[in-house]
Amino acid sequence: MIKVALKDGSIKEFEKGITVSEAVKEISAALAREAVAAEVNGKMVDLGYRLNDDCELKVLTFDDKEGKSVFWHTTSHIMAQAVKRLFPGTKLAIGPAIENGFYYDFDVQTPFNADDLTKIEEEIQKIIKEDLPVERFVLSRDEALKIEQENGEIYKAELISELPDDAEISFYRQGEFTDLCAGPHLPNTGRVKAVKLLNLAGAYWRGNEKNKMLQRIYGVSFPKRSMLDEHLKQLEEAKKRDHNKIGRELELFMTSEPVGQGLPLLMPKGAKVIQILQRFVEDEEERRGYVITKTPYMAKSDLYKISGHWQHYKDGMFIIGSEEKDEEVLALRPMTCPFQFMIYNSKLRSYRDLPIRMAETSTLFRNEASGEMHGLIRVRQFTISEGHLIVTPEQLEEEFMGVLDLINYIMDTLGIKEDISYRFSKWDPNNKEKYIDNPEAWEDTQAKMKTILDKVGIPYQEADGEAAFYGPKLDIQFKNVHGKEDTIITVQIDFNSPECFDMTYIDKNNEKKRPYVIHRTSIGCYERTLAMLIEKYAGAFPTWLAPVQVKVLPISENQIAYAKQIADKLFKLGVRVEVDERNEKIGYKIREAQLAKIPYMLVIGEREMQNGQLAVRSRKEGDLGAMDTDGFINKLITEISTRAR
RNA sequence: GCUGGUGUGGCUCAGAGGUAGAGCAGCGCACUCGUAAUGCGCAGGCCGUGGGUUCGAUUCCCACCACCAGCUCCA
């Protein structure tokens, strides 16, 4: 007999060699029905795994994160099986579970189209009905390689040959289908009750654009039909928050074909929101000891040759003129750093001058590839709260923390602190094209950054190959409605520019020293931030950010003059207010103001005119009843000045 | 840039190898109205752009442009 410790702390005895599945049946019949896999001593295993020693056992169901992952991973195998049946000769690449479902990458003769997806989905249903048992087996490296090579599975063979020497090479078989896989998996295909293939996309083998483009199918699956329906409903709901949809509906921005791709036009309301954000950020930066610069939108290629942009970032720049034609070559700026460095270098600096904190609300131009643009999130021209701190090595830590404090304050005010994650973006030593070739400096700077991050206690995830070409970054990430992460704010330590630009300061001992540079944004790119805020608030901005804060709604034309008086009073107090003078019913005016997500509606009828009150309606809470005019104004002004959410 | 999808009045969407329709929005008139859509009428489209096939194309084919999802890249 063996002793098995369960999640609730109890210990049960089983016969040695019992399978997990049998053991679970003894624990609870209900749990046995829901079990998808298990963790034995913290290691994920199949339900068919045999328990031979005393151990800790945790049964995984779809409710567990790991359980979902197993469920979706098996579904990806089922999908691969369906594809193999319908398109013999398809080569399999990889098919993992992801955060919200799964995908599988296939190398097929002709790319899939939308109809193929339907066919594949039908074939998946058949495989589920067949309720095939999923069996695990282990092969030696040579056997495994031989099989995959014989079957023409070149991608699988590549994966096998790269597995570490001591790796156990396992396969999973269901019916006629076998796939190299670490597992674990569901015990049979019938466990999957509801599947939906969501979309089709190209994806490069191993994420490298030099490799072949494979066909990726994304899908999701559930143990119950109703769960799938609920999930699809949620996806639809999420799309209703899409900034690209409601940002246009609310007349915050638009695009225009003749203007061009990735060049959104901010309309009066969108521009207003950005103006408010910009004033807020600039004031806060000034309070924190930043000086401002205003530097050119373009420069000769000479500048970018010094900074390294010409060598490492040329594809991302709009270049005017050509060297071949012996013309003057200029480029629109993709970053502001070189310009501010020139200002730093304009005179000899003393250690007493440092730190120097330079900020600029800076418009940048980046020649993004055509498929990369997206609403306000990814554009070719954008304005960013860019800044550079020139600091002594001794000041690096404190100044970095000061930047974090500023960012924290801004995120707190915007109400997005709970919605972001931190990414520590490091270089990729193998990518010589992208990164400055100075391994010691990279390692040293990354270690410095890590020390600071750990000291502050920021919960970050490390990411290789995400650094800027000149140094590591702390990226603050926000997920859009489609679950895709984008960087909203970034802080970077640059060891390279001080060298390139020969930036120096004179220290106490009258010696020339190299400063460090911290590149940072405090709110990031305004366009992207606007997109994020639209999605965060579904277009219903907090009052201080709302492009129109109050709409005055006279009930009939008899109240228009009075309504205008009220509006004028508010306007003079700096409130963004409009009067709906149209000859419409009050219900209609309210509906429109509500759909425009205006925080306060003031209904003005005969009664209000008589007694000098306001019938206040809040976007959030509905009819608030009659209020004293001054009382309302005080409440409103407080709400705006405290930037309440 | 790559893969797949989409492109019809301001918006949401029908339609079909014979030359375009609805709702909403807009405009006009009437109603002067109390907390999420008053009624009637009018106007609005070279069916993304350019080629090709055809007696005839918005519909079929090709190229380009833009938009959407993903890959790569990135604030």
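Biologist: At what angle do helix α9 and helix α13 pack, and how far apart are their axes?

Modeller: This is a predicted model, by the way. In it, α9 (residues 268-287) and α13 (residues 396-414) pack at about 150°, and their axes are 11 Å apart.

Biologist: Why give those two values?

Modeller: Two packed helices are described by the angle between their axes and the distance between the axes.

Biologist: OK, so what makes α9 and α13 roughly parallel or roughly antiparallel?

Modeller: Set the angle of about 150° against the cut-off: angles over 145 degrees count as roughly antiparallel. The α9 and α13 pair is therefore roughly antiparallel. Their crossing, for the record, is right-handed.

Biologist: Let's move on to the second largest pocket. What is its volume, and which residues are closest to its centre?

Modeller: The volume is about 950 Å³. There are 30 lining residues, and Asn100, Leu235, Val481, His482 and Gly483 are the closest to the centre.

Biologist: Which element gives the largest share of that lining?

Modeller: That's α7, with 7 residues. Other elements giving two or more residues include β14 (194-204), β26 (473-479) and α16 (526-537).

Biologist: How do you know which domains the lining draws on?

Modeller: Count the residues by domain: the lining takes at least three from domain 2 (66-235) and at least three from domain 3 (253-537). The assignment for chain A also gives domain 1 (2-61) and domain 4 (550-641).

Biologist: And what is the make-up of the lining, nonpolar, polar and charged?

Modeller: It divides into 12 nonpolar, 8 polar and 10 charged residues.

Note on methods
Residues numbered from 1 in each chain as written. Chains lettered and ligands numbered in written order. Predicted model: local features only at pLDDT ≥ 70, side-chain atom pairs only at ≥ 80, totals over all residues. Heavy atoms only, no water. 1 Å grid on protein atoms, 1.4 Å probe; cavity = no way out; pocket = protein on both sides within 12 Å on 5 of 7 lines; lining within 4 Å. Points joined across faces, edges and corners; volume = space filled by probe spheres on them. Helix = DSSP H or I, 4+ residues; strand = E, 2+ residues; numbered from the N terminus. Nonpolar A, V, L, I, M, F, W, Y, C, P; charged D, E, K, R; others polar. Domains from an automatic or database assignment. Axes fitted to C-alpha atoms, helices over the stretch in contact; angles between N-to-C directions. Parallel < 35°, antiparallel > 145°, perpendicular 65-115°, else oblique. Left-handed = near helix turned anticlockwise from the far one by under 90°.
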